[in-house]
Amino acid sequence: MIPGSFDYHRPSTIDEAIGLLASHVGDALILAGGHSLIPMMKLRMATPEHLIDIQDIYDLSAISIGANQIDIGATVTQAQLIHSEELADCCPILRETSLQIADPQIRNLGTIGGNVANGDPGNDMPAIMQLLDADYVLQGPDGTRTVKARAYYEAAYFTARSENEILTSIRFTKPAAGHGSSYHKQKRKIGDYATAAAAVMLEVSNGSCTSASIAMTNLADTPLWAEAAANALIGSALDADAIAAAVAAARAITNPASDGRGPAEYRTHLAGIMVKRAIETAHARAG
Amino acid sequence: MNVQSPPTDKQRIEKLQGLGSSRKRVEDARFTQGKGNYVDDIKLPGMLFGDFVRSPYGHARIKSINKDAALAMPGVVAVLTAEDLKPLNLHYMPTLAGDVQAVLADEKVLFQAQEVAFVVAKDRYIAADACELVEVEYEELPALVDAFKAMDADAPLLREDIKDKMEGAHGARAHYNHIFHWDCGDEEGANKALADADVTVEEMITYQRVHPCPLETCGCVASMDKINGKLTLWGTFQAPHAVRTVASLITNIPEHKIRVVSPDIGGGFGNKVGVYPGYICSAVASIVTGVPIKWVEDRMENLSATAFARDYHMTGKLAATKDGVITGLHCHVLADHGAFDACADPTKFPAGFFNICTGSYDIPVAYCGVDGVYTNKAPGGVAYRCSFRVTEAAYMIERMVDILARKLDMDPAELRMKNFIKKEQFPYTSALGWEYDSGDYHTALEKGMESVSYKALRAEQVDNRAAFERGETRKLMGIGVAFFTEIVGAGPVKNCDILGLGMFDSCEIRIHPTGSAIARLGTISQGQGHATTFAQILATEIGIPAEDITLEEGDTDTAPYGLGTYGSRSTPVAGAATAMAGRKIRAKAQMIAAYLLEVHEGDLEWDIDRFQVKGNPEAHKTMKEIAFASYNQAIPGLEPGLEAVSYYDPPNMTYPFGAYICVVDIDVDTGVTDIRSFYALDDCGTRINPMIIEGQVHGGLTEALAIAMGQEISYDEIGNIKGGSLMDFYLPTAVETPMWTTDFTTTPSPHHPIGAKGVGESPNVGGVPAFSNAVHDAFAHKGLTHTQMPHDHWRVWKTAQKLGLTD
């Protein structure tokens, strides 16, 4: 539980950070809140020679809510997401999810960028970003590009980000007014990763579901956007049959590990229960 | 005119803050301000740090160890292996259970995370880096993980060091992986009771391997002073005096040249009773280098290498009449001790006090047999917040009684009431030989049932089950009843010793001239609040306010010899020594008072904080006055000063008991168990500090919750430890912990000087079966008999699924 030695850098601009990363490609890692990286370093599963701490880069720490788009900087903490009333009004699932991440001390340090960037399948925000169809903004020596959250995750800890890029912000279309959403997460205790978790966002008009999105956490080596499950809801009255069809479609794409949280069979079963409950809660909140 | 009236009796008693006072813990001022002094706070000039190279395998032969790269690293001072310890004959050390344990792996590794080499370096970071540079070549061997296969003819041979030694510390060994067979009671009689019974039940009940997981891990600082030849060892020791004696025996350093100090300890729960390789390696490294060496294990090392608890596979059989009178008990245990028998039990009791397994019931005939075996797992088998193997015994009998109740279709509380030892039967000698000192079980359970409205709960459960059948709810309600009898306070020297050291304890008191005092004990607090409660015992005994009494423990250079703190022994044994030493003080004080008051001793009577002349209370001398007189008066026939020491050998154990009732609501679709309420009635005899008792019960129940609902140290088939970090090992937080309701009855121990029995471990002993019985009770109407702990989400769901309650 003692990390190897490393050099610590604390740039104050994004260009400086990109420059440092470029000069140590392969030997450097980006540090923000540290709640994924530092435990990995203590276990010596990560052994960077250089740590580039981006917490001093002021530009990355803001939440901006426009008429149609929401931008969240990479170093925005989970506590900031919880405390923003404006964000909670237009996109309440971010507060609801953040409150289910670890405990208040960790949420004061843990960042949204860190949560989504490194491809840890246990993290909650990747599924939420897939739910919202968010874009990740990546900046590197060759400029800026965006990658869809739904296309970003390749395998556990493997993502579309290049080693010389920094994930600097997340942007997504502001959810429609009147939508309903919910994140149901079952875990063994505070601070644990999900045994199974599901996020649902939907709109209802005249008793019929007009749009739906479903995503799941920690049920495969990447977050899962459950397109077929969502399609099973669209056009339905969110009745028992439609929900059962969505649950079956969601379970069909899970591929969880058997671990201390339970065997794969249980976690797949539980994924369906979480999806069902999240649909019911989102439905109750819609309108 | 403002005339000050003399204090009333009540005010004088309150000023003492003696027995029964919820005096605030004096320790908390430093703990709550972060001013405790733990072993890792000790920093000495020139101190070096030790770290271990550990085995990645469960079972492997060491083909070679190459230290060159590590030794070449700047800042590395030494790398020790078994080869370096052999010339000192320190590559093995004796365990408390009469076995030996490798200090550093000798030719073979026998469990994952076993200590292979000890790296000494200038700081922790260098030591950790250098550990990665020690090259160890292994040849993997087949691992033995399943205890039930340990004695198979073709089982892998684990302990090559003792393969020809078929006579173990506890008698003959039947197989090279067998450690001992120990039994007790009348097997023939128990079998006859089973054969003749109207009704019998049998179940194999596993109490899984868990770990005490104290917040502070184990560690030490060893410092050899080469000038005066004295070795000082600060460490996380629950038994500092025993550690000194063992250290002296294995190093040949005379005992007066060894000082062992237990500083503040951040929880022990049995994990800090044993002697670990880190202590030996640190001491050797300090002797070799002449500078202090610190070793502190990290959390994963603590969970995977220092002592585990439980791992008992218990097959119980009960015989009963058709109307529910239990007529016999037969029990056999397969005990998985890991790679070395490092169990912490009194030496003559290789299975601890497991033969308390008749519990709170008047069972006429009983037998229990225990076979211990070696496996490729970490050694240990300590009493994790319980007396020696008592929680295993209580879990077994409390599950078996519930299983019998189902079979008889009787209410589990009613069946217990029917079979309890009756109040008038105490002192009661059990079929397995223990003499229970006192008890009133019926009153305790009746009070508990009334407090929780037991009948109404059962009626609600009937409604809940009907609603479940109608599809109106997906939750099932379970009510868990457990009634436990502990056996604590080891123990009488005639049958309790550890490596030949009698399990007495001690207290030494010195009264200062101005009427304050210092008391030193052979025990050591790890959070129990000894400095608070033992001062309270003394306050009542000698009439000096508790706040004027300093308590010291844990330094073998100053404290009197004692066997330490575990197994709820401090209050029954050292608490008794404290009271007895106090009485010696009072006896001398009475002689001084008689001289001062110019009366015969027999004319004096004790009154709260003073001796007064019978019939003339105006003529009195307070303890404060007497203390001063003892230092300034030449009293004929009396030595100056006021001091006493008592070494207390308890005539018997004490037998705390309690009634616990848990209500749980189970979501059958997710397996989530919601503890709705938990009621704990404890009878620990005389209550010294009710607030501390309540805190102890809260803590013990929380650990019981952890064990019953989530904790498990398991291994895969090749001996890789699973759950060796807090990512997986279940340590509940405040969020997972339900509201506890505590209650009590008071049945004093007849043989203890103040009637106290000890309470710190009762809630763990009674809590685990209460939780487990509640989970089983929720499914009882669906035919569930038994399912193994822990009752975590997926296992509970699996139970529901097997019963056809969820898909």
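Modeller: A polar contact is a pair of N or O atoms within 3.5 Å; within protein, one must be able to donate a hydrogen and the other to accept it, and residues adjacent in sequence count only if both atoms are side-chain atoms. Keep that rule handy for what follows.

Colleague: Before we go on, what am I looking at, and how is it labelled?

Modeller: This is a predicted model, where local features need pLDDT of at least 70, side-chain atom pairs count only at pLDDT 80 or more, and totals for chains, interfaces and linings use all residues. Residues are numbered from 1 along each chain as its sequence is written, chains are lettered from A and ligands numbered from 1 in the order in which they are written, and side-chain values use heavy atoms, with hydrogens and water left out.

Colleague: Okay, how many residues of chain B are in contact with chain A?

Modeller: Contact means heavy atoms within 4.5 Å. On that basis, 26 residues of chain B meet 25 residues of chain A.

Colleague: And how much area is buried between chain B and chain A?

Modeller: Buried area is the accessible area (1.4 Å probe) that two parts lose on being put together, summed over both. For chain B and chain A that comes to about 2,100 Å², with carbon and sulfur atoms giving 56%.

Colleague: How many salt bridges are there between chain B and chain A?

Modeller: A salt bridge is a side-chain nitrogen of Lys or Arg within 4 Å of a carboxyl oxygen of Asp or Glu. Chain B and chain A have five. One to click on is B:Asp728 with A:Arg188, whose closest N and O atoms are 3.1 Å apart. Back to my opening rule: polar contact links 16 residue pairs between chain B and chain A, both residues at pLDDT 80 or more.

Colleague: Which elements give two or more residues to the side of chain B that touches chain A?

Modeller: Helices (H or I, at least four residues) and strands (E, at least two) are DSSP runs, numbered from the N terminus. Here the elements are α5 (124-133) and α19 (793-802) of chain B. For residue classes, Ala, Val, Leu, Ile, Met, Phe, Trp, Tyr, Cys and Pro count as nonpolar, Asp, Glu, Lys and Arg as charged, and the others, Gly among them, as polar. This side of chain B divides into 10 nonpolar, five polar and 11 charged residues.

Colleague: Since α19 came up, which of the residues of α19(B) are buried?

Modeller: Buried means under 20% relative accessible area, exposed over 50%, partly exposed in between (1.4 Å probe, protein chains only). In α19(B), the buried ones are B:His793, B:Arg795, B:Val796, B:Trp797, B:Thr799 and B:Ala800. Their cover includes β11 (180-186) and α12 (264-285) of chain A, along with β33 (657-667), β34 (673-683) and α18 (762-779) of chain B. After α19(B) comes B:Gly804, with a positive phi near 75 degrees.

Colleague: Can we try that inside one chain? What are the domains of chain A?

Modeller: Domain bounds come from an automatic or database domain assignment. Chain A is split into domain 1 (7-53), domain 2 (58-172) and domain 3 (181-285). The C-alpha centres of domain 1 and domain 2 of chain A are 18 Å apart. Between these two domains about 1,200 Å² is buried, 73% of it from carbon and sulfur atoms. A:Ile14, A:Ile18 and A:His35 supply 39% of what domain 1 of chain A buries there, more than any other three residues.

Colleague: How many salt bridges lie between domain 1 and domain 2 of chain B?

Modeller: Four. In one of them, B:Asp264 pairs with B:Arg30, with closest N and O atoms 2.6 Å apart.

Colleague: Last one: why does B:Asp607 count as buried?

Modeller: Because its relative accessibility is 19%. B:Asp607 lies in strand β29 (residues 604-607) of chain B, and its side chain makes a 2.8 Å polar contact with that of B:Arg12.
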